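Some labels given to parts of a structure rest on a cut-off.

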Amino acid sequence: MYNRLKNQSSPYLLQHASNPVDWYPWGDEAFERARLEDKPVFVSIGYSTCHWCHVMAHESFEDPEIADILNRYFISVKVDREERPDVDSVYMEVCQAFTGSGGWPLSVFLTAEQKPFFAGTYFPPVSRYGMAGFRELLLGIAEAWRQRREALLESAERQLASLLHPEPASDKEIDQGLPKLAAEQLSQSFDCEYGGFGREPKFPMPHNLLFLTLYSLLHDDGAAFSQVKQTLEAMRRGGIFDQLGGGFSRYSTDRYFLVPHFEKMLYDNALLIVAYCAAYRLSGEAWLLDTAERTAEYVFREMTGREGEFFSAQDADSEGEEGKFYVWSREEICGLLGRERGERFCAYFGVTKEGNFEGRNILHLRNGRPVAGEWGAERKALLAYRTSRAKLHLDDKVLTSWNALMICAMTVLYRTTGVESYLNAARRAETFLRERLSDGAILYVSRRGDTRSVKGFLDEYANTALACLCLYGATGEQPYLERAERCCAEAERQFADEGSGGYFLCGRENDRLVKRPKETYDGAIPSGNSVMALCLVRLAQLTENEKYRQAAERQLAFLSSQAKSYPAAHCVFLIAELLHLEPPQKITAVLSGADRKEELLPLLPLLADVEILEAPAGAYRLLNGRTTYYVCRGRRCLPPTNEKPFAK
């Protein structure tokens with residue numbers, strides 16, 4: 001027996017298609033039925049690799065008694081937060097107002113007019129551990145809807161009023177003191193003992209690490225880069241990094257980066273590739289680049305489709321247990337590798353008889369062993385066995401904004417290594433987005449199989465523009481720059497707030513909700529507003545077009561007003577500001593016959609606008625018959641030289 005989700009393409013919605021709950025997808029049909037039947041609406045928001053979403057589904061949504069209560073007294077709506085970030089953004093703000101925190105599964109109760117009157121996250125089926133039971137909650141709300149509806153409606157109006165609070169006026173000037181203040185705030189929360197920021201749980205937050213890397217380079221701040229390196233090393237050594245298969249899990253449940261929440265997300269791995277490459281370019285330490293490349297290997301092996309598209313996520317659970325796929329016993333390893341070799345491997349990767357995770361072992365290098373040890377054959381053997389013993393659920397929908405971030409990562413890897421396969425991967429993914437997830441200037445959020453989801457939000461346009469700018473920086477090919485310009489123009493048309501500044505998350509092509517959210521802080525993923533600032537700054541520098549300079553300065557001033565209370569939560573905006581204040585140098589390299597582009601590229605600064613000419617052209621000539629570099633900094637050009645520019 002299937003419900004109304006059976007024809008959806010979202011893996012998350014399809015996971016609930018056989019529930020006894022009479023689910024609707026988000027849309028007019030559900031709210032119209034709620035009006036006709038005079039019922040409240042229960043909205044459940046999650047995603048397909050969310051562990052606690054699975055738990056609540058098994059405990060409550062598969063339970064016939066709870067399903068009967070939902071079907072009798074409510075209209076129930078399922079939402080994939082990755083396909084509908086607009087719905088998630090609006091009602092996550094409500095949940096945070098009700099409870100002081102948020103997360104998934106997100107559980108919200110609305111009127112037929114989409115006005116929220118109660119919200120929470122996970123609820124157990126019956127009351128326990130001080131948590132309200134979902135069954136009792138449903139019956140209580142149903143009773144209140146019949147007997148005390150005025151109180152619920154008053155709550156809905158109060159929540160709506162708080163959602164629609166007036167926005168403070170935007171600053172007129174860019175606050176140049178924010179980067180320094182953000183670096184100080186991050187330093188104050190830095191865990192000097194174990195790396196990372198704050199206490200557990202610890203999220204990678206690679207954009208914060210990228211900001212600190214850039215800040216340390218521009219301000220010669222060794223302490224800031226020391227925090228970056230210690231954090232990157234702690235993650236590389238911990239269980240948050242898959243020591244066998246590469247790639248990073250979503251976050252660490254402890255201070256030590258040892259025990260992760262085992263799901264792997266595309267966006268984390270994209271941004272971490274960039275962070276490790278940037279740190280490698282600054283320090284030259286090989287383990288940093290090794291980590292980035294092993295993460296890329298994981299993405300190619302597990303997360304890449306036949307046409308070069310990148311999938312969204314891998315689940316934490318297998319056979320009903322979180323992390324079971326990744327953990328090992330000592331005897332299991334020794335049985336596969338042989339006693340002597342197995343015991344040496346176990347000693348190296350911290351495997352004990354007692355285990356470090358529910359009696360079994362997460363492989364790690366927190367014991368101080370060298371990161372780049374000679375264990376390639378052993379890792380390959382254990383990885384092959386691990387793959388055969390279980391299969392992780394793969395969320396194989398293709399998200400435009402997350403693919404765009406991985407395109408950026410692949411171009412950075414290419415510019416760091418000169419390895420053509422990384423550039424080819426970026427090109428193929430961009431072609432997929434252009435051919436399968438756009439309709440002229442209009443972008444779409446996701447695709448699975450032959451089905452596209454809804455029209456794109458701000459993040460789709462901002463991240464796609466950034467991906468095209470990265471490809472232009474790696475290739476110098478004009479069509480990529482032109483597509484970046486078109487994406488920014490469409491973002492301006494659809495999402496710009498001409499009154500208060502910045503950009504709304506949803507725009508002219510999207511559904512109307514009770515509020516148009518405008519996100520400015522960087523969570524697990526950089527906000528669309530921050531990425532737009534970065535794109536406009538780079539377009540101004542690359543094109544020298546005055547309209548982009550003015551637009552960039554308006555956006556930087558707007559974000560200055562948003563970030564002033566806690567700038568450390570706006571690190572991608574701060575990257576854009578630093579690049580605006582200190583533009584990258586421009587390098588034109590004219591190759592002699594003795595040098596090849598792929599060999600030269602990793603020797604040139606990553607933070608530079610690089611053009612490589614295969615032969616002399618126009619005013620660009622060879623000096624002394626050798627490869628020649630023409631370097632401009634700011635508005636000042638230096639004499640041509642045969643000396644390579646400093647490669648950072």
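Q: How many cavities of 30 Å³ or more are counted in this predicted model?
A: The count comes to one cavity of 30 Å³ or more. About 110 Å³ of space lies in the largest cavity.

Q: What lines the largest cavity?
A: The lining has 13 residues, and nearest the centre lie Asp 242, Gln 243, Tyr 326, Ile 362 and Arg 386. By class, the lining residues divide into seven nonpolar, three polar and three charged. Tyr and Ile count as nonpolar and Asp and Arg as charged.

Q: What makes Cys 50 and Cys 53 a disulfide?
A: A disulfide needs two cysteine sulfur atoms within 2.5 Å. For Cys 50 and Cys 53 the S to S distance is 2.5 Å, and a disulfide joins them. The link of Cys 50 and Cys 53 is right-handed, with 80° about the S-S bond.

Q: Why is Cys 50 called buried?
A: Buried means under 20% relative accessible area. Cys 50 has 3%, so Cys 50 is buried. Cys 53 has a relative accessible area of 3% and is therefore buried.

Q: Why is the disulfide of Cys 632 and Cys 637 called right-handed?
A: The torsion about the S-S bond of Cys 632 and Cys 637 is about 95°, so this disulfide is right-handed. Its S to S distance is 2.2 Å.

Q: Why does Cys 637 count as exposed?
A: Exposed means over 50% relative accessible area. Cys 637 has 53% relative accessibility, so Cys 637 counts as exposed.

Q: What pattern do the disulfides of the protein chain follow?
A: The count comes to two disulfides. With bonded cysteines counted along the chain, the pattern is 1-2, 3-4.

Q: How do you know that Cys 408 is in no disulfide?
A: The nearest cysteine sulfur, that of Cys 470, is 3.6 Å away, and the cut-off is within 2.5 Å. Cys 408 has a relative accessible area of 6%, so Cys 408 is buried.

Q: What makes E8 and E9 a pair?
A: Two strands pair if there are at least two bridges between them. E8 and strand E9 (residues 313-314) have two bridges, in the antiparallel sense. Lys 264 stands opposite Gln 314 in E9.

Methods
Residues are numbered from 1 along each chain as its sequence is written. This is a predicted model: local features need pLDDT of at least 70, side-chain atom pairs count only at pLDDT 80 or more; totals for chains, interfaces and linings use all residues. Side-chain values use heavy atoms; hydrogens and water are left out. Helices (H or I, at least four residues) and strands (E, at least two) are DSSP runs, numbered from the N terminus. On a 1 Å grid over the protein atoms alone, a cavity is a set of points where a 1.4 Å probe fits but cannot get out, and a pocket is an open set with protein on both sides within 12 Å along at least five of seven lines; lining residues have an atom within 4 Å of a point. Grid points are joined across faces, edges and corners, and a volume is the space filled by probe spheres set on the points. Buried means under 20% relative accessible area, exposed over 50%, partly exposed in between (1.4 Å probe, protein chains only).
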